[in-house]
Amino acid sequence: MGNAQIVVKLNGIHIFSEPITGNMNYTVSNTINASLEDVSKNFLDSEGVKHWMEGLERIEHISGTPGKVGAKSDFYFLHKGKEMKISETILEEDMPNQMKFSYQSPMGYNEVEMIFEKIDDSSVKQINNSYFKLTGFMK
C-alpha cells in the first residue's frame, strides 16, 4: 500500500500533516458553548451536516430508519473537482449522549464515535474517537 498524507485542520488552521500507512486512531475533543439539547438537535439535522463536512454536496438515504442503528446513507462530496461517495452505516445510537458510525469508501474504512458530555446548562464536551483502516491512497 502506498503512503497517504493526512492533513488535520482546526478552525481552518493547518495543525498536522504527515505520511501514514495502514491503520490510524485518533481522539479530538472540544467544548461547544450550547446546551446538550441544542447540540444533539443540530448534530442530528442532516442539513446541518453540510456546515461541518467540507465539500458535502448531498446525502442519499439508502435503508433503515434515519438516525437509528442500521440506517445506511451515501454521502456525496466534491473533492478537487471530482465526485466522491462515502457510504455510512449507523452502528450505535444513544443520543443525546453518543453515536457511532462506520464509513466505507475507496480510500478505506473509518469508524467514528461521537460522545457528548454535559458540562453545565450551556456547554458540552464533544469527544470524537476515530479509527481508520486505509486501503487506498488519500490525497
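Which residue in β9 stands opposite isoleucine 115? In this predicted model, residues are numbered from 1 along each chain as its sequence is written, local features need pLDDT of at least 70, side-chain atom pairs count only at pLDDT 80 or more, and totals for chains, interfaces and linings use all residues. Side-chain values use heavy atoms, with hydrogens and water left out. The residue opposite isoleucine 115 is isoleucine 127.

The chain holds 1 helix and 9 strands. Helices (H or I, at least four residues) and strands (E, at least two) are DSSP runs, numbered from the N terminus. Read from that terminus, the order of elements is β-β-β-α-β-β-β-β-β-β. The chain has 139 residues, and 33% of them are buried. Buried stands for under 20% relative accessible area, exposed for over 50%, and partly exposed for values in between (1.4 Å probe, protein chains only). Of the contacts in the chain with a separation of 6 or more, 35% involve residues 24 or more positions apart. A contact requires heavy atoms within 4.5 Å.

Seven strands form an open sheet, in the order β3-β9-β8-β7-β6-β5-β4 with antiparallel pairing. Two strands pair if DSSP finds at least two bridges between them. At the edges are β3 (23-32) and β4, each of which pairs on one side only. From one strand to the next, the twist averages 20°. Strands of a sheet pair through backbone hydrogen bonds, in either a parallel or an antiparallel sense.

Several of the pairings can be described strand by strand. β8 and β9 are antiparallel and share 12 bridges. A hairpin with 2 residues between the strands joins β8 to β9. β7 and β8 also run antiparallel, joined by 8 bridges. Here too a hairpin makes the link, through 2 residues. In this pair, tyrosine 103 has asparagine 110 of β8 as its bridge partner. β4 and β5 run antiparallel and are joined by 6 bridges. Glutamate 60 has aspartate 74 of β5 as its bridge partner.

The helix α1 lies across β3, β7, β8 (108-120) and β9 (123-134). It runs at about 155° to β8. Axes are lines fitted to C-alpha atoms, for helices over the stretch in contact, and angles run from 0 to 180 degrees between N-to-C directions. Glutamate 37 is placed in α1. Glutamate 37 counts as exposed because its relative accessibility is 64%. Its C-alpha atom is separated by 9.9 Å from that of asparagine 97, 60 residues apart along the chain. The loop between β6 and β7 contains proline 96. The peptide bond from methionine 95 to proline 96 is cis, with omega near 20°.

Asparagine 128 lies in β9. Asparagine 128 counts as buried because its relative accessible area is 16%. Tyrosine 26 is 102 residues from asparagine 128 in sequence, yet their C-alpha atoms are 8.1 Å apart. Serine 73 belongs to β5. Serine 73 is buried, as its relative accessible area is 11%. With residues up to four places away in sequence not counted, serine 73 touches Ile59, Glu60, His61, Ile62, Ile86, Ser87 and Glu88.

The second largest pocket holds about 410 Å³ of space. It is lined by 22 residues, and those closest to its centre are Leu44, Ser46, Ile59, Phe75 and Glu88. Two or more lining residues come from each of α1 (36-44), β4 (56-63), β5 (72-79), β6 (82-94) and β7 (98-105). By class, the lining comprises 13 nonpolar, 4 polar and 5 charged residues. Ala, Val, Leu, Ile, Met, Phe, Trp, Tyr, Cys and Pro count as nonpolar, Asp, Glu, Lys and Arg as charged, and the others, Gly among them, as polar. On a 1 Å grid over the protein atoms alone, a pocket is an open set of points where a 1.4 Å probe fits, with protein on both sides within 12 Å along at least five of seven lines; lining residues have an atom within 4 Å of a point. Grid points are joined across faces, edges and corners, and the volume is the space filled by probe spheres set on the points.
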